[in-house]
Amino acid sequence: MNDVIAHRWRRRLGAAMLAAALAPLAGAQAAGWPAQPLKLIVPFGPGSSPDQVARVVGDKAGSILGQTIVVENKPGASGNIGTAAIANAKPDGYTFGVSITGPLVNNTVLFEQLPYDPFKDLAALTLAVHQPNVLVVPAKSGIADIGQLLEALKAQPDKYNFPSPGAGTVSHLSVELLLQRIGAKAVHVPYPSSPAALSSVLAGDTQFAALPPIAVMPMVRDGRLKALAVTSSKRSALLPDIPTLAEVGVQGIEGSAWIGFVVSSKVPADIQKRLADALIQAIGDPAVQQRLQAQFMEPVGGTPAEFRAYMDDELRRWAPLIKQLGIQAQ
């Protein structure tokens, strides 16, 4: 028995000595990083909101790290192709990415199978921006405020259609949650993009929508649309005159088209930290914040732990609704 115990201790001591021997090597690797340009994968096309965030923040983060950050767009499959490329990249810290609610949270419920697990294969670096959706109606609709829209939805459940840039997106789910909370109905009409969804509202094919501010605010300002509410718990600092749904008694609607940075979870922790620190510092830069705010994006730049916790919150928020409505990816 004593021989067995002694053998176990020798094994533990050997493992401890091996870990101690490898630790300086890992530190040495991190100390020399980055020694070459970095690749920043965007799972959506050029000009998309994630692409804009990647380029604005990546440019500044590159100067902080002393290396060029090259943006590479890998669109397709609702963001799954590019996000899988981030998760499966060589774990040396030279490839990381930016992604959104769908590929990082909702697609785990919408798709029967994904080529990655965002909660295991990806490490959160920082939540970059929030974009609270804005509920809008055509200016000629005669609806003056959010209270009137909610009453109309309850009184005439067969009259109203609403668009989104796809089933299971935040634009879709935030409206479905609103309808549940007020006991109303409306027909969802999916479109391939926010601009296409917005065009349907302007054409009268749909009657209201919850879309990112970058899509709707130019038309609110030129008088074609009327902004009724934001889908967030507090008023947006960038849209201070638009009330929240909570202000009219509809609690718990959080519909943000957020964007965050992630990297393969296999990347060494010290490199993850250096990359996250550079991104957070970049997001906090006044010039970067000004450029993001000009696109109606609210800069965040929180810690990796805060971003991971927020992803967990989003899964708890949207997974039950997706399952209840029986939504599946097309």
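Tryptophan 258 counts as buried, because its relative accessibility is 0%. The model is predicted. Across the whole structure, a search finds five aromatic pairs.

**Aromatic pairs**

- Five aromatic pairs turn up in the whole structure. One of them joins tryptophan 33 and tyrosine 94, with ring centres 6.2 Å apart. Their planes stand at 50°, so this pair is tilted.
- Tryptophan 33 sits in the loop between helix 1 (2–31) and strand 1 (38–42). Tyrosine 94 sits in the loop between helix 3 (80–87) and strand 3 (95–100). The pair therefore ties together parts that are 61 residues apart in sequence.
- Tryptophan 33 and tyrosine 94 are both buried.
- Tryptophan 258 and phenylalanine 307 make an edge-to-face aromatic pair. The centre-to-centre distance is 5.6 Å, and the angle between the planes is 85°.
- This pair also links distant parts of the chain, 49 residues apart. Tryptophan 258 lies in the loop between strand 9 (225–230) and strand 10 (259–264), while phenylalanine 307 belongs to helix 11.
- Phenylalanine 307 counts as buried because its relative accessibility is 1%, under the 20% cut-off.
- Trp258 and Phe307 form one aromatic cluster with Tyr310.

- Strand 1 and strand 3 run parallel and share three bridges. Leucine 40 stands opposite phenylalanine 96 in strand 3. Lysine 39 stands opposite threonine 95, also in strand 3.
- Strand 3 and strand 10 run antiparallel, joined by four bridges. Serine 99 has glycine 260 in strand 10 as its bridge partner.
- Strand 3 has five of its six residues buried, so the rest of the structure largely encloses it.

- Helix 3 has six of its eight residues buried, so the rest of the structure largely encloses it. The buried residues are Asn80, Gly82, Thr83, Ala84, Ile86 and Ala87.
- The cover over those buried residues includes strand 1, strand 3, helix 4 (101–110), strand 4 (122–130) and strand 10.

**Strand 5 with strand 9**

- Strand 5 (residues 134–138) pairs with strand 9 in the antiparallel sense, over five bridges.
- Leucine 135 stands opposite alanine 229 in strand 9.
- Strand 9 is mostly covered, with five of its six residues buried.

**Helix 6 against helix 11**

- Helix 6 (residues 170–182) and helix 11 (residues 304–325) pack at about 80°. Their axes are 11 Å apart.
- Angles of 65 to 115 degrees count as roughly perpendicular, and helix 6 and helix 11 are therefore roughly perpendicular to each other.
- Helix 6 brings Val170, Leu173, Ser174, Glu176, Leu177 and Gln180 to the contact. Helix 11 meets them with Trp318, Leu321, Ile322, Gln324 and Leu325.
- By class, the contact between helix 6 and helix 11 has seven nonpolar, three polar and one charged residues.

**Serine 194**

- Serine 194 is placed in helix 7 (residues 194–203).
- Serine 194 is buried because its relative accessible area is 16%, under the 20% cut-off.
- Leaving out residues up to four places away in sequence, serine 194 touches Pro165, Leu211, Pro212 and Ala215.

How values were computed:
Residues numbered from 1 in each chain as written. Predicted model: local features only at pLDDT ≥ 70, side-chain atom pairs only at ≥ 80, totals over all residues. Heavy atoms only, no water. Axes fitted to C-alpha atoms, helices over the stretch in contact; angles between N-to-C directions. Helix = DSSP H or I, 4+ residues; strand = E, 2+ residues; numbered from the N terminus. Parallel < 35°, antiparallel > 145°, perpendicular 65-115°, else oblique. Contact = heavy atoms within 4.5 Å. Nonpolar A, V, L, I, M, F, W, Y, C, P; charged D, E, K, R; others polar. Phe/Tyr/Trp six-rings, centres within 6.5 Å; stacked < 30°, edge-to-face > 60°. Buried < 20%, exposed > 50% of the residue type's maximum accessible area, 1.4 Å probe, protein only. Pairing = 2+ DSSP bridges.
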